[in-house]
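Keep the sequence and the 3D view open side by side. Try each exercise yourself before you read its solution.

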Amino acid sequence: AFPTREQARRNIEAVKRVGHNSLNFHRKIGDPLVMEAADELGVLIYEEVGGMPGVTGIGVPGWIEGARDNEAYLVSQLMPAKFERMVRRDRKHPSVIAWNLGNEVCAFDYIHQRIFRETWALDNTRLLLNQSGGVWGGPSGWVPHFRPYEDQPRLDFVDNHTVDSDSRFQEGDLLSHREEPRDSLLYWGEVRCYTGPDNWVRLANEGPLGYDGAAYAKMAGLLSAYHARNRLAETSGGLIASPADITRLAATGLMYTNGRLSQAILSNNQQDGYAINGWSGADPELNDDFLGWVSALCDVDRNIKGDPDLLAYYNRDLQLAVFRTNGKYFRTGETALFEINLINENRLKPGEYRLRLNLLDGEGKPCLSMAPCAVNVLSGDTHAQQLIKACPVKMEATMRAGYLTLEATLLDSTGKVVANGSEQVLLQNRASWSARLARASIGVQDWDAATKALLEAQVSPRPLQEAKTLLLGKAPATKEQAAQWLKALERGATVVLRFDADWAALLHQLGYLSRPVTTWGGAQKRFWNGNGWGFLTAFQSTRDGAAPACVGTNSWEVPADPVGFAPFESKHPQTSRGVFVARPDQVLTLLGEIQCGPGRLLLAPSYAVDLDNAFSDLLFYSLVQPPTP
């Protein structure tokens, strides 16, 4: 609530790093140190006084001035005085562009009207708004407001809130926040409330913090111990260099989701502004309480939770915004549809340009090129325009499975690329894995879905005693029945287990797990106090960029919550290819690896190939694919 000077500056630097141009003080009066940094670094400020409703009634009449015993009397005197002091204190800041009276209150009663009159006498250079949003987050209706230098209030301003989120990215959000044209300003004052984990390690180890500093210590200790035990600095290829990187990667879905929401709103020329719901975090001791706000892009020390470049990519003021419109998973023979828009905030001059589209397959190789088409770019007050409503792309049998990327580029009359953008879908095409699995030697036991997936990839399973990779579904009942795959480990094979409680008990009996697995979980809670986030880093590709290094468990690719387990401790060298965290003290493994002499065990309980979708296929084939020579 009261940042240090360093935190205040980091606050504004974070705004710029994620590609935003403003910061809202919402439900709380602004902090002068933050506004000083905003003045210096060039970030706009929207300031709300906080606590404006004040009484149980929806409106306060003028006769309240003479009714000192009425419950509304105090607020009738307090709020105008508080607002006046805010305006007098902060009107010197050039960063401040708007004053707002309150959150989700539709009344334009005596108090509101008095504040309007008195504020306009003090400062008529800013936008003055009666409210943000409607009651309990509903539509605002027409919001009374003054525009700068005008002497009459207006009603042609709308501020709608869309405070809702699921535990994972929802495809409908790509085409959300679309309004029919209307003769008014349209602002989205609170957009969704997807969540992500605080950086507990940094919060515990880097100050200064206040009374709540100790609340981060337990998770920081657990993550530091997990990082060391699994040798993540050495085994992750630099992706998880420090314990703090665990939560950074777990916040991948948060950054992606808010980026796509931003892009969707920027793509509609009817929209005039928006605020992502949540900038800095709440009291951690609230935990899962309704007021435990976790829909923040930064933690309380103003550390950005995830990769800021991921969000900034979708916030660009000149880009081609491409949206998949009929799903994310496709099979061969099906057709994906893409909508293509231009976001152009006075960066390109009007005139004729050429739009070029290329499709890259699951190995990142070009598989489809469409002839460039002429498009007429508008400008001026047209900051976004639709170029193609529905671009069909048929999934051909020749396309390699995995991430299919539609790349869009805009060229000027000289052939220079002036704007670009891309969109992805996941293709399920098991036959296309045959080339990548040509050198594979795989055996299967008690796992019908795995056998089916291999046969459809034109891989014939080998006897277990010959295979270099063993896929085991059901755990054997006794240690004696495990002899065959134990011998495979001794000769250097990779053994992939469809890991569950039975396997966990057997591995403990055999000594591969030092402690029994006592916890199974991975539930991801929705809404602004959401909890539970994870990531997987198990994906391989034969070409850099064909698959991401990390997939968040609440990002767009995944079909469901993951399955994690704890503890994960072995007397053998171990590492983790997937982690799940949930406050106050849960750290689970989503994909564990144990080095057993020359062989290795992969404990894989999440997103099994049995789901028969493009994402579970991608994970499965990545696990069994031989390393690239």
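Predicted model: local features only at pLDDT ≥ 70, side-chain atom pairs only at ≥ 80, totals over all residues.

Residues are numbered from 1 along each chain as its sequence is written, and side-chain values use heavy atoms, with hydrogens and water left out.

**Exercise 1. Find the buried residues of helix α12 and say what they pack against.**

Step 1: Locate α12 at residues 483–490. Helices (H or I, at least four residues) and strands (E, at least two) are DSSP runs, numbered from the N terminus.

Step 2: Pick out Trp485, Leu486, Ala488 and Leu489, the buried residues of this helix. Their arc around the axis is only 155°, so they sit on the same side of α12; the arc is that of the directions from the helix axis to the C-beta atoms. Buried means under 20% relative accessible area, exposed over 50%, and partly exposed in between (1.4 Å probe, protein chains only).

Step 3: Turn to the face pointing away from the buried side, where you will find the exposed residues Lys487 and Glu490.

Step 4: List the partners of the buried residues: β18 (469–472), β19 (494–497), α13 (501–510), β25 (586–596) and β26 (599–603).

**Exercise 2. Work out the strand order of the open sheet of 3 strands.**

Step 1: The order is β6-β7-β8, with parallel pairing. Two strands pair if DSSP finds at least two bridges between them.

Step 2: The edges are β6 (157–162) and β8 (273–276), each of which pairs on one side only.

Step 3: Look at β7 (residues 185–191), which pairs with β8 over 3 bridges in the parallel sense. Val191 stands opposite Ile276 in β8.

**Exercise 3. Decide whether Asn531 is buried or exposed, and find its side-chain partner.**

Step 1: Go to the loop between β20 (519–521) and β21 (533–536), where Asn531 lies.

Step 2: Asn531 counts as buried because its relative accessibility is 7%.

Step 3: Its side chain makes a polar contact of 3.4 Å with that of Asp288. Such a contact is a pair of N or O atoms within 3.5 Å; within protein, one must be able to donate a hydrogen and the other to accept it, and residues adjacent in sequence count only if both atoms are side-chain atoms.

**Exercise 4. Which accessibility class does Asp446 fall into, and which does Asp612?**

Step 1: Asp446, in the loop between β17 (442–445) and α11 (448–456), has a positive phi of about 55° although it is not a glycine. At 51% relative accessibility, Asp446 counts as exposed.

Step 2: Asp612, in the loop between β26 and α14, also has a positive phi of about 55°. At 27% relative accessibility, Asp612 counts as partly exposed.

Terms used
Contact = heavy atoms within 4.5 Å.
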